[in-house]
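Welcome, and please load the model in your viewer.

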Amino acid sequence: QVHLVESGGGLVQPGGSLRLSCVASGNIFSIIAMGWYPQAPGKQREVVAAYNRGEVTKYADSVKGRFTISRDGAKNTVYLQMSSLKPEDTAVYYCAARPSPPYTWTFWGQGTQVTVSS
């Protein structure tokens, strides 16, 4: 089992910045990839940033140049640095982990609310 806990969300004005954190515990050695998935009300959850154990990072086109995913292995923590925030970034941001096996996005955090509004 893997347990994920997100934090760092809040209310920010357009153009502002936030840094989200996701602390992983449990069988962290099984994790082969982690990602951040925002979900707005009534919308599909979709990845905006992810990386795998090969240190390959991926970003959705909508956040390239604004969001950065990183990790601190010693702290079992993954971060999402968000800059130049836009109202359309407003969503509950979920941290997700893909273990091996089953090689699917199996574990999810509780989510942290990000609201971008003037």
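Which side chain meets the side chain of R66 in a salt bridge? Select D89: the side chains of R66 and D89 meet in a salt bridge at 2.8 Å, N to O. (A salt bridge here is a side-chain nitrogen of Lys or Arg within 4 Å of a carboxyl oxygen of Asp or Glu.) R66 lies in the loop between β6 (57-59) and β7, and D89 in the loop between β8 and β9 (91-99), so the pair ties together parts that are 23 residues apart in sequence. Helices (H or I, at least four residues) and strands (E, at least two) are DSSP runs, numbered from the N terminus.

Before going on, a word on the model. It is a predicted one, where local features need pLDDT of at least 70 and side-chain atom pairs count only at pLDDT 80 or more, while totals for chains, interfaces and linings use all residues. Residues are numbered from 1 along each chain as its sequence is written, and side-chain values use heavy atoms, with hydrogens and water left out.

Now colour by accessibility. R66 is buried, with a relative accessible area of 11%, and D89 is buried at 7%. (Buried means under 20% relative accessible area, exposed over 50%, partly exposed in between, with a 1.4 Å probe and protein chains only.) The structure holds two salt bridges; for another, select K64 and D61, whose side chains meet at 3.3 Å, N to O. D61 is exposed, with a relative accessible area of 66%.

Next, select residues 77-82, strand β8. Five of its six residues are buried, so β8 is largely enclosed by the rest of the structure. Show its partners too: β3 (residues 18-26) pairs with β8 in the antiparallel sense over six bridges, and six bridges also join β7 (residues 67-72) to β8, again antiparallel. Two strands pair if DSSP finds at least two bridges between them.

Zoom out to see four strands in an open antiparallel sheet, in the order β1-β3-β8-β7. Its edge strands are β1 (2-7) and β7, each pairing on one side only.

Last stop: L20, in strand β3. L20 stands opposite L80 in β8 and counts as buried at 0% relative accessibility. Beyond its neighbours within four places in sequence, L20 has contacts (heavy atoms within 4.5 Å) that include W36, Y93 and V114.
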